[in-house]
Amino acid sequence: MSVLPDPGASRAVLVGTSRYEHLEQLPAVSNNVQALAGLLCGPLSLQLPARHVTVVENPVAAHAVVGAVRQAAAEASDTLIVYFAGHGLVDAQDQLVLALPHTEFGRIETGLPYDWVRQVLLLDSRAERHVVILDCCYSGLALGRMSAGTGLADQAAVEGSFLLAAAAETRTALAPVGETYTAFTGALLEALRQGIPGGPALVDLGALYRHLRLTMEARGHPAPQARDRNSGAQVALGRNHADLPAAPVAAGASADAGERPWPDPRAIRTVTGFFTALADVRVVSGLTHQAVSERATGRMTAGTVGRLLNRSTLPTTWGTTAVYLSACGVPDEQITQWQTAWQQLRAQNVSAETASPEATRDGGPEKAKAWQRPLSAFRRRRDH
């Protein structure tokens, strides 16, 4: 079953090298990175908070990239996306090296071995799912490292990993002169922005790979490669905008409502994810704010709908959210799941507040009471 990552618990690191001292310039790579960052933060894709997307352009050294990936790997608990665009080289051991601005042919110490990135993902990451997208020459070499039958790769296997490579291990990727984007990333952006006609409701990585392969082959471009590990292909990068419901949910049409690709409340882990999915409900319903209000039969105004979807903190009571979900046409059993998600997040907030530095400083309220008792006793003795 395809799943959209919780944006509050996910991170993305986008690395692009467009300027080189010793290799051919790739000006389209800068456009790649900026466009993909905007897409991942926008309504056409995952709607990640801007602070959850790290862009590293023309890094001065390998540690700048590895450090950014390591930090994101420590912060993400749901999905971590790592993207690289630039030149790819092959070292003496036939391993992939990601080229940086100072990289020179024959000098491996001037590049970034892909295996270093892989080690961070496998050994240092908290994320349950990992997505690696490589838009560079010979990027298919990374597939062999991910799918190694023995050794460290199996010992440190990561649930839900998916690697998407722009070219096979023996092929160069394509960056047409004068084009805004490289061939592979251009097709990727196009698929996420416009959707996949006749495709699934969610653009998961499996469907995206199949679509990109057909698209690139039809255009006479190098065919992308992919490696799926432990259901990583089920991670979605957005809704299929070519398949969104054209008509709103009709009142009383429970069968139609149940078949719609509603956001899965069981995938919600953060408050950010809660409100992102809540807004997505209205998109799937095909209803405007005013239409939701009318279907609520006087229980909420259009303004109330807008305020609910633009909140940054959880409602203290459940009623308004339940009315909204029901008015949008969400089936009753899913509304129950939504309520469970809300209750779990409320409990997490209470726990976090209890464990906050203010609450626990100097031992917290209990220690304060312990100090107050001797002081009171001292005062009573002094008064006598």
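This is a predicted model: local features need pLDDT of at least 70, side-chain atom pairs count only at pLDDT 80 or more; totals for chains, interfaces and linings use all residues.
A salt bridge here is a side-chain nitrogen of Lys or Arg within 4 Å of a carboxyl oxygen of Asp or Glu. Searching the whole structure turns up 12 salt bridges. Residues are numbered from 1 along each chain as its sequence is written, and side-chain values use heavy atoms, with hydrogens and water left out.

**Cysteines**

- A disulfide is a covalent bond between the sulfur atoms of two cysteines.
- Cys 41 is partly exposed, at 29% relative accessible area.
- Cys 136 is buried, at 1%.
- The cut-offs are these: buried is under 20% relative accessible area, exposed is over 50%, and partly exposed lies in between (1.4 Å probe, protein chains only).

**Glu 109 and Arg 107**

- Side chains of opposite charge can pair when their charged atoms come close.
- Glu 109 forms a salt bridge with Arg 107, with 3.0 Å between the closest N and O atoms.
- Glu 109 is exposed, with a relative accessible area of 55%.
- Arg 107 is partly exposed, at 39%.

**A pair within helix 3**

- Asp 115 forms a salt bridge with Arg 118; their closest N and O atoms are 3.1 Å apart.
- Both residues sit in helix 3 (residues 114-123), three residues apart, which is about one turn of the helix.
- Helices (H or I, at least four residues) and strands (E, at least two) are DSSP runs, numbered from the N terminus.
- Asp 115 is partly exposed, at 21% relative accessibility.
- Arg 118 is buried, at 5%.

**A link between distant parts of the chain**

- Arg 269 forms a salt bridge with Glu 128, the closest N and O atoms lying 3.1 Å apart.
- This pair joins distant parts of the chain, 141 residues apart.
- Arg 269 is in the loop between helix 8 (254-259) and helix 9 (271-285).
- Glu 128 is in the loop between helix 3 and strand 7 (129-135).
- Arg 269 is partly exposed, with a relative accessible area of 28%.
- Glu 128 is also partly exposed, at 40%.
- Salt bridges with shared partners connect Asp 78, Glu 128, Arg 129 and Arg 269 into one network.
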